[in-house]
Amino acid sequence: MRRLRDDTGADVVVPDAVERVVSLVPSLTEAVAVTAPGLLVGATDWCTHPADLEVVRVKGTKNPDVGAIGALRPDLVLANAEENRQPDLDALRAVGLSVWVTDVRTLDGAFTSPARMINACGLRRPAWLDDAASAWTAVRPLEPRRRAVVPIWRRPWMAVGSDTFTGAVLDRLGVDNVLASSPDRYPRIALGELPDVDLVVLPDEPYRFTGDDGPEAFPGIPAALVSGRHLTWYGPSLVEAPDLLRTQLLSA
């Protein structure tokens, strides 16, 4: 057995040979599935990548089925401090499961955190992780930089605030989040009280903004419809994210 420390500083006891993993986070599911096909035995209903993933589904990120997860006898359960609720993680630990919690809030963290998680799974560092780091090192920020608001929900309207991975991604791409100094990570917003912006960034998750649902709320402001997966996931999608997101931002 190995005693390791996850992103939250918690000690996690992991077998020397990890053979069964359950993931409660879509991006972590993709990272493990691409790195070690066959290692995953369970994932949430929201885990859509890889598209051909065939594992037991254990409900959602906010309401995982603790009994179903326990029945899968995982050596390790993968979770995230933002995506998953602490009571659910406590319940998993209470039935004797080892839970590894990631916490990614910076672009650099999107490379170091998955590397540590993959090591906890007993796997070698995958090539996609180095490819992603190279892709982001080479990215060219937009010139001039843009000032943007980044809604993530409507009814009620909510947006990206401070201390988020999404904000860090956009910053590297040359987009300044006007709500980056908010005391909240995902504040509710009143559209008539927003600071001046020259761009609205509308991802297709968690709320599915489209050309007909979102831009009309910001008349006169260019709107960029972007891939939520590439904007918010940390995993293999990071390889293509800089070029794709830059193209989508420039299309506004």
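Visitor: Which residue stands opposite Val56 in β5?
Guide: Gly42 does. The model is a predicted one. Strand β4, residues 40–43, pairs with β5 in the parallel sense, over 2 bridges.

Visitor: What sheet does that pair belong to, and in what order do the strands run?
Guide: An open sheet of 5 strands, in the order β5-β4-β3-β6-β7. The pairing is parallel.

Visitor: Which strands stand at the edges?
Guide: β5 (56–57) and β7 (99–102). Each has a single partner strand, so one side of each is left without a neighbour in the sheet.

Visitor: What does α3 touch on that sheet?
Guide: Helix α3 packs on the sheet and touches β6 (76–80) and β7. The direction of α3 makes about 155 degrees with that of β7.

Visitor: And which strands does α4 lie across?
Guide: β6 and β7. Helix α4 covers residues 109–120 and runs at about 170 degrees to β7.

Visitor: Back to α3. Where is Asp88?
Guide: In helix α3, which spans residues 86–94.

Visitor: Is Asp88 buried or exposed?
Guide: Buried. Its relative accessible area is 10%, and the cut-off for buried is under 20%.

Visitor: What does the Asp88 side chain make a polar contact with?
Guide: The side chain of Arg85, at 3.0 Å. Setting aside residues up to four places away in sequence, Asp88 also touches Lys62, Asn63 and Pro64.

Visitor: Changing topic. How many strands form the sheet with β8 in it?
Guide: 4 strands, and the sheet is open. The order is β11-β8-β12-β13, with parallel pairing.

Visitor: Why is one side of β11 left without a neighbour?
Guide: β11 (175–177) stands at an edge with a single partner strand, so one side of it has no neighbour in the sheet.

Visitor: How many degrees are neighbouring strands turned against each other?
Guide: On average 40 degrees, direction ignored.

Visitor: How many bridges join β8 to β11?
Guide: 3, and the two strands run parallel. β8 takes in residues 146–149. Within this pair, Arg147 stands opposite Asp176 in β11.

Visitor: And how many bridges between β8 and β12?
Guide: 2, again in the parallel sense. The bridge partner of Val149 in β12 is Val200.

Visitor: What about β12 and β13, how many bridges there?
Guide: 4, also parallel. Val201 has Ala224 in β13 as its bridge partner.

Visitor: How many residues of β12 are buried?
Guide: 5 of the 5, so β12 is largely enclosed by the rest of the structure.

Visitor: Which way do the β12 residues point?
Guide: Leu199, Val201 and Pro203 point one way. Val200 and Leu202 point the other way. All of them are buried.

Visitor: Which strands does α8 lie across?
Guide: β8, β11, β12 (199–203) and β13. Helix α8 is residues 241–250 and runs at about 150 degrees to β13.

Visitor: Now Glu30. Where does it sit, and is it buried or exposed?
Guide: Glu30 is in helix α1, residues 26–35. It is buried, with a relative accessible area of 6%.

Visitor: What is Glu30 in contact with?
Guide: Leaving aside neighbours within four places in sequence, the contacts are His49, Pro50, Arg229, Trp233, Pro236 and Ser237.

Visitor: And Val13, which strand is that in?
Guide: β2, residues 11–14. Val13 is partly exposed, with a relative accessible area of 29%. Beyond residues up to four places away, Val13 touches Met1, Arg2, Arg3 and Ser98.

Visitor: How many Å separate the C-alpha atoms of Val13 and Pro206?
Guide: 33 Å. Along the chain, Val13 and Pro206 are 193 residues apart.

Visitor: Zooming out. How many helices and strands in the protein?
Guide: 8 helices and 13 strands.

Visitor: What is the radius of gyration?
Guide: 19 Å. A compact globule of 252 residues would come near 18 Å, and the protein agrees with that. The C-alpha trace spans about 55 × 35 × 35 Å along its principal axes.

Visitor: What share of residues counts as buried?
Guide: 50% of the 252. The accessible surface comes to about 11600 Å². Of that surface, 50% belongs to carbon and sulfur atoms.

Visitor: And what share of contacts joins residues at least 24 apart?
Guide: 57%, among contacts between residues at least 6 apart in sequence.

Key:
Residues numbered from 1 in each chain as written. Predicted model: local features only at pLDDT ≥ 70, side-chain atom pairs only at ≥ 80, totals over all residues. Heavy atoms only, no water. Pairing = 2+ DSSP bridges. Axes fitted to C-alpha atoms, helices over the stretch in contact; angles between N-to-C directions. Contact = heavy atoms within 4.5 Å. Buried < 20%, exposed > 50% of the residue type's maximum accessible area, 1.4 Å probe, protein only. Polar contact = N/O pair within 3.5 Å; in protein donor to acceptor, adjacent residues only side chain to side chain. Rg over C-alpha atoms; globule rule 2.2 N^0.38 Å. Areas by Shrake-Rupley, 256 points an atom, 1.4 Å probe, with all protein chains shown as cover.
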